[in-house]
Amino acid sequence: MPHSIDESFTALPLRALADAALARARSLGSEHADFRLERVRSAAWRLRDARPAGSSDTTDLGYAVRVVHGGAWGFASGVDMTPDAAARVAGQAVAMAKLSAQVIAAAGSDERVELADEPVHADRTWVSAYEINPFEVPDADKTGLLAEWSSRLLAAPGVDHVDAALLTVQENKFYADTAGTSTTQQRVRLHPHLTAVAVDPESGEFDSMRTIAPPAGRGWEYMTGTGWDWDAELAEIPGHLAEKLRAPSVEAGAYDLVVDPSNLWLTIHESIGHATELDRALGYEAAYAGTSFATFDQLGTLTYGSEIMNVTGDRTAEHGLATIGYDDEGVAGQSWDLVKDGILTGYQLDRRIARLTGFERSNGCAYADSPAHVPVQRMANVSLRPAPGGPSTEELISGVERGIYVVGDRSWSIDMQRYNFQFTGQRFFRIENGRLAGQLRDVAYQATTTDFWGSMTAVGGPETYVLGGAFNCGKAQPGQVAAVSHGCPSALFRGVTILNTTQEAGR
């Protein structure tokens, strides 16, 4: 049954504050104004060897007013929940816009902020897909389950230490603007993870193995088996970890790779997700993590990968971490093509960038991570589509004579244009004559973005598709953090460069 918005949030004076702020902004001559009130509750529990090691529970509550006045942005935020205070914040936002306009004029620029049109969405309510709100579950149940899982791992031979953690978020937002849109939303998400550590008593060498269960836009039901088989994963980790500790170091060279979704999601995030943010491709975003090789003049012509590569941006995927009903500019959630048959065909947009570059409409990628931050263009759920009727992971492996099967994400590195990259993983299995032949260590795969995706010769079917992701995608200055999912099937890549990380570190 769909949930309703938390009554303690709707009891706040949402419309009174919005009406006061928007009326004040309008009276001061703003061409556009929007009001956003947020309450973001974040809680975390950490255990070390099945014992509590720390917890936190914080709530960020406040509101923001953003205006376009004189062709310039203005922004201000506040926490005083009275209409008079909201009106004052709106006045501060207009004053900031006036100052910004003076700075822009002094710099010799005549660029004006204009927003792409969006239909009015009046009095809309949206709640994410979950069954049990984790904040309604007693804390003792959360730490108790993490302790039980940790004890299960610690009881296995060869496991010396276990770290466990659970992160949970409930995000409530009310948005209203001078066009007449008003939306009230609630999102719930959580991220459980455990790491087992093994130490060789003779050599002193150690290694670790982390769960590959992704964070999800789900509720407590995720912890009890809906969407992930925790019993199966916990049973597998000790054996995988013991084998990894004994595994031989990889011989550097060119290999065929079968990449599991638990690893491939991160490569998608770094080499496609960030590269197709249009503000980054235009150079408006550069200071935090660089620009993009996928520049706007290449839209419709850039060969991003092989013909079987189809990637979508999506704000509507069920249980996606970046899934919303409406973004922080009042734009309805959508799904669209970023790469079609290997060709760059789209970008991620907010309303300003959409208007600036000639798009009729934003695709809903504006987001602020707190009421004190201005919305910026943020990543949708960017996903590689599976092949209808495509092969299983086992069938992909069976077509490889000499290769490596990659599972789980670990470290990564990519240049400031999202082009040259290197990724490692949780575990790597040697493939010989179509069969897995034991684990390898010290493995990293290296490529350029277009070479890597151009080497993709097969994608798995829908049964291999998994929605991975992360809570901690960073962007902007001051920095903001957003949660985002990336779905993908298993996929086969031919002739990828494999590095030995210990040899590289020694150079």
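**Ground rules.** I number residues from 1 along each chain as its sequence is written, and side-chain values use heavy atoms, without hydrogens and water. Since this is a predicted model, local features need pLDDT of at least 70 and side-chain atom pairs 80 or more, while totals for chains, interfaces and linings use all residues.

**Aromatics.** I searched the whole structure and got 16 aromatic pairs. I picked Phe423 and Tyr445: their ring centres are 5.8 Å apart with planes at 25°, so I log the pair as stacked. (Rings of Phe, Tyr and Trp, the last by its six-membered ring, pair with centres within 6.5 Å; planes under 30 degrees apart are stacked, over 60 edge-to-face, the rest tilted.) Phe423 is in strand β16 and Tyr445 in strand β18, 22 residues apart. (Strands are DSSP runs of E, at least two residues; helices are H or I, at least four; both are numbered from the N terminus.) I also noted that Phe421, Phe423, Tyr445, Phe452, Trp453 and Phe493 form one aromatic cluster.

**Charge over a ring.** I found Arg402 over the face of Tyr255, 4.1 Å from the ring centre. (The cut-off is NZ of Lys or CZ of Arg within 6 Å of the centre and within 35 degrees of the ring normal.)

**Helices.** I looked at α2 (residues 14-27) and α3 (residues 83-106), whose axes come within 8 Å and cross at roughly 35°. (Axes are lines fitted to C-alpha atoms over the stretch in contact, and angles run from 0 to 180 degrees between N-to-C directions.) The contact (heavy atoms within 4.5 Å) includes Ala20 and Arg24 of α2 and Gly91 and Val94 of α3.
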